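This report describes one protein chain, going from the overall layout to single residues. Please look at the sequence and the model before reading on.

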Amino acid sequence: MPKRSVARPAKERLIHQRGRTTLTSAEVCDIFNIPKATLHYWLKHERIPQPMFNPETRQLLWTQTEIDAIQKFLLRGEN
């Protein structure tokens, strides 16, 4: 089975270009080219750090630190 592509090098610029310090789960999935179900599976099984939760919008908010952790997780190949 071929490996999925790892994050685009411009991921840090993506966050700052949008004028925010966090990304939504959909944006993180776009960066890593993974389905949302995979991201939630990794969270459920504690393979990646838990992001912040915004109760008003009911969204997970991912910081650069968490995005870096996902990239390291993918590079280790433990998914």
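## The model and its confidence

This is a predicted model, in which local features need pLDDT of at least 70 and side-chain atom pairs count only at pLDDT 80 or more, while totals for chains, interfaces and linings use all residues. Residues are numbered from 1 along each chain as its sequence is written, and side-chain values use heavy atoms, with hydrogens and water left out.

The pLDDT is the predictor's confidence in each residue, on a scale from 0 to 100. Its average over the chain is 83, and 73% of the residues score at least 70. Where pLDDT is low, the predicted coordinates should not be read in detail.

## Overall layout

The chain holds four helices and two strands. Both kinds of element are DSSP runs numbered from the N terminus: helices are H or I runs of at least four residues, and strands are E runs of at least two. Read from the N terminus, the order is α-α-α-β-β-α.

Of the 79 residues in the chain, 37% are buried. Here buried means under 20% relative accessible area, exposed means over 50%, and partly exposed lies in between, with a 1.4 Å probe and protein chains only. The chain exposes about 5,500 Å², and carbon and sulfur atoms supply 51% of that area. Accessible areas come from the Shrake-Rupley method with a 1.4 Å probe, and for residues only the protein chains shown count as cover.

A contact means heavy atoms within 4.5 Å. Among contacts with a separation of 6 or more, 50% are between residues 24 or more positions apart.

## The nonpolar core

A nonpolar core is a set of buried Ala, Val, Leu, Ile, Met, Phe, Trp, Tyr and Cys residues joined through side-chain atoms within 4.5 Å. The largest one in this chain has 16 residues, and those with the most contacts inside it are Val28, Phe32, Leu39, Trp42, Ile48, Trp62 and Ile70. Helices H2, H3 and H4 each supply at least two residues of this core. In soluble globular proteins, nonpolar side chains tend to be buried together.

How much of H2 is covered? Six of its eight residues are buried, so H2 is mostly covered. The buried ones are Ser25, Glu27, Val28, Cys29, Ile31 and Phe32.

## One aromatic pair

Rings of Phe, Tyr and Trp (its six-membered ring) pair if their centres lie within 6.5 Å; planes under 30 degrees apart count as stacked, over 60 as edge-to-face and the rest as tilted. By this rule there is one aromatic pair. The ring centres of Trp42 and Phe73 are 4.9 Å apart and their planes are at 70°, so the pair is edge-to-face. Trp42 belongs to helix H3 and Phe73 to helix H4, so the pair links distant parts of the chain, 31 residues apart. Both residues are buried.

Ser25 is in helix H2 (residues 25-32). Is Ser25 buried or exposed? Ser25 is buried, because its relative accessible area is 7%. The side chains of Ser25 and Trp62 are joined by a polar contact of 3.0 Å. A polar contact is a pair of N or O atoms within 3.5 Å; within protein, one must be able to donate a hydrogen and the other to accept it, and residues adjacent in sequence count only if both atoms are side-chain atoms. Apart from neighbours within four places in sequence, Ser25 is in contact with Lys36, Leu39, Leu60 and Trp62.

Glu66 lies in helix H4 (residues 64-76). With a relative accessible area of 10%, Glu66 is buried. Apart from neighbours within four places in sequence, Glu66 is in contact with Pro49, Gln50, Pro51, Met52 and Leu61.

## Loop residues

Asn33 sits in the loop between H2 and H3. Its phi is near 55°, a positive value in a residue other than glycine. Asn33 counts as partly exposed, because its relative accessibility is 47%.

Arg58 is in the loop between strand E1 (52-54) and strand E2 (59-61). Arg58 also has a positive phi, near 60°, and is exposed, with a relative accessible area of 66%.

Thr21 is in the loop between H1 and H2 and is exposed at 60% relative accessibility. Thr21 and Trp62 are 41 residues apart in sequence, and their C-alpha atoms are 8.4 Å apart in space.
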